[in-house]
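Take a look at the fold shown below.

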Amino acid sequence: MASYYSSPFPRRSSVGVDVGGVVVGGVAPVVVQSMTNTDTADVDATVAQVAALHRAGSEIVRITVDRDEAAAAVPRIRERLERIGHFVPLVGDFHYIGHKLLSDHPACAEALAKYRINPGNVGFREKRDRQFTEIVEMAIRHDKPVRIGVNWGSLDQELLTRLMDENQANGFPMTAQEVTREAIVQSALLSAQLAEEIGLAREKIILSAKVSQVQDLIAVYTELARRSDHSLHLGLTEAGMGSKGIVASSAAMGILLQQGIGDTIRISLTPEPNGDRTREVQVAQELLQTMGFRQFVPVVAACPGCGRTTSTVFQELAQTIEGDLRCNMPVWREKYPGVEALKVAVMGCIVNGPGESKHADIGISLPGTGETPAAPVYIDGRKAATLRGPAIADDFQKMVADYIEARFGAGQRAAE
């Protein structure tokens, strides 16, 4: 599986988990996951958002199941999605009353592909193990995998207090931060052990341990991977908005993925008001693709611009080409097998333009400031045409479309 995962480090999880037909862990490629922010009881809104996330490339989608109305809506959401051609696995996110919702709504329990349990708030004191057991037994009954998802914003306080007391008795050999990290790891491992003792098969368990700081995430998952071979779901929780959330998530998960740690990932971005939820899917794909682990969309190489490129033509063309490729990918994946490996170059001047264009499958070198107003186009490393005039952008877009059809379309398949 080296074509999917090129890390010099071996993959850590030894057993793949089947989540509604999507394999997580083992030798499978790293899976992109996302989560809705709609009210699950609003069937129309949830179906629309899940469909949008799936079209964008989310291979698993988590939905909130927080009350009876949400649980009752789940089978209708599943049915509606399948009716419009979206067979994406749905994960139920349960907190506090998950045991009751799964028991009272068996159709919900069956419609979901996986259950997510947070051991920090599945129940408190004497109720905790009993309610955890009920959810696990429900998963066994319906043959569903479980993600045991620890979050330090809702960490088991009894466990944390005990470890803090033990650390104090030992003369404070660890800092409070280190004790908290250890509590997160132990919460995940002890919960997984309990689930197996109840009867849940090892290949039905995924672990996650989400925190909101980069160094904490790296430390916690490194230790979790050292002490367990379960499949792991990566995510920097409460990562934040915009570039801050993207940079923080990429920095933390990039380091872990390079060490072979992580089997599913989610980029937990705070969306802008009325923003596009699919942005988190795009960033997750770009992280995996940039690191060379998977291919999702054609790569567009474009120069950053300098004093030689005072015109914005190359920037606008690069943006248009990249948007067009991503927009068409849901259809092109089916129509043009292998198109995600395409490499396109849109360069702004003669310095690096021809060289980068030759390295791409198809590339254009636009004229920089003071250069001859002509744009050579290179296909498969050779100069194929020179474009001139006001329609350069449109002409190149058509050449890209023609190249895709010739290389990946029906004509190529007929030739084979």
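Helix 9 passes helix 10 in a right-handed crossing. Right-handed means that the near helix is turned clockwise from the far one by less than a right angle. Helices here are DSSP runs (H or I, at least four residues), strands are E runs of at least two, and both are numbered from the N terminus. This is a predicted model: local features need pLDDT of at least 70, side-chain atom pairs count only at pLDDT 80 or more, and totals for chains, interfaces and linings use all residues. Residues are numbered from 1 along each chain as its sequence is written, and side-chain values use heavy atoms, with hydrogens and water left out.

The axes of helix 9 (residues 242-258) and helix 10 (residues 279-290) come within 11 Å and cross at roughly 40°. Axes are lines fitted to C-alpha atoms, for helices over the stretch in contact, and angles run from 0 to 180 degrees between N-to-C directions. The two helices are therefore oblique to each other. Oblique is what remains after roughly parallel (under 35 degrees), roughly antiparallel (over 145) and roughly perpendicular (65 to 115).

Which residues of helix 9 and helix 10 make the contact? Helix 9 brings I246, S250, M253, G254 and L257, while helix 10 brings R279, V283, L287 and L288. Contact means heavy atoms within 4.5 Å.

Now the pockets. A pocket is an open set of points on a 1 Å grid over the protein atoms alone, where a 1.4 Å probe fits, with protein on both sides within 12 Å along at least five of seven lines; lining residues have an atom within 4 Å of a point. The largest pocket has 22 lining residues, and G57, E59, R294, F296 and R333 lie nearest its centre. Helix 11 gives the largest share of that lining, three residues.
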